[in-house]
Amino acid sequence: KPLPNVNAGNNVQLCKGDSVTLQGSGANSYTWHPTDRLSDHLIPNPISSPVNTMIYHLIGEGSNGCTNHDSVIVTVEVVNTSNAIGPNLVIKNDTVLYHIPNPNPSSNYQWHSADAVFSALSSNMDSFFVSWQESGVQSVHFFEISANGCMGDTMSLRVDVLGIDTIYGTVFVQPGVPAIQGNVKLFEILR
């Protein structure tokens, strides 16, 4: 008796959190193993939603009762965004550097903050100069995008931005003894 020409389909790569429809063919009935993270293990084209790389084995039975098997690898790319390094206490309108230590050279990085202006230092955007426009407690958000387009988790850094006002005159430390004359920068106290 001839064996069925069972085909589990081409190996696939997907991003963490994505799903893929497996492409079984060549038989009359199908059984996929393992059954973990499959929508239905007894159909030719189940939806697979793995959290890690999986090897799925397909056993197919032909109309003559003979069985054959094939396998498919579903590779899950997990992108672990590294934490950024940069100051968490800055002065309003000063420009400071934030960067990802040991960045993946094939990845790109996206940065965002509602109250900052960013200037990229590298082509993959793993380093930025940031100018904070508003005082108070702020944050900078960033994530990694792999060469395959998979996104890492969004990471955040808390940044305390001190406001500055300039006054003109003399600051006295002791009555009658000027400590500083001219322009004096006063820092805002964060609440």
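Buried means under 20% relative accessible area, exposed means over 50%, and partly exposed lies in between (1.4 Å probe, protein chains only). This is a predicted model, where local features need pLDDT of at least 70, side-chain atom pairs count only at pLDDT 80 or more, and totals for chains, interfaces and linings use all residues. Residues are numbered from 1 along each chain as its sequence is written, and side-chain values use heavy atoms, with hydrogens and water left out.

View 1. Strands (E, at least two residues) and helices (H or I, at least four) are DSSP runs, numbered from the N terminus. Of the chain's 191 residues, 32% count as buried.

**View 2. Ser113 sits in the loop between strand E9 (108-112) and strand E10 (116-120).** Is Ser113 buried or exposed? Ser113 counts as buried because its relative accessibility is 8%. Beyond its neighbours within four places in sequence, Ser113 is in contact (heavy atoms within 4.5 Å) with Phe118, Trp132, Ser139 and Val140. Look at Ser139 here: its backbone oxygen lies 2.7 Å from a polar atom of the Ser113 side chain.

**View 3. Leu97, Leu121 and Phe129 form a nonpolar patch on the surface.** Patches are made of residues with over 30% relative accessible area and no salt bridge, with nonpolar side chains (Val, Leu, Ile, Met, Phe, Trp, Tyr) joined within 5 Å and like charges within 9 Å. A salt bridge is a side-chain nitrogen of Lys or Arg within 4 Å of a carboxyl oxygen of Asp or Glu. Together, the three residues have about 250 Å² of accessible area, by the Shrake-Rupley method with a 1.4 Å probe, where for residues only the protein chains shown count as cover. Leu97 belongs to strand E8 (residues 95-99), and its relative accessible area of 36% makes Leu97 partly exposed.

Notes. A polar contact is a pair of N or O atoms within 3.5 Å; within protein, one must be able to donate a hydrogen and the other to accept it, and residues adjacent in sequence count only if both atoms are side-chain atoms.
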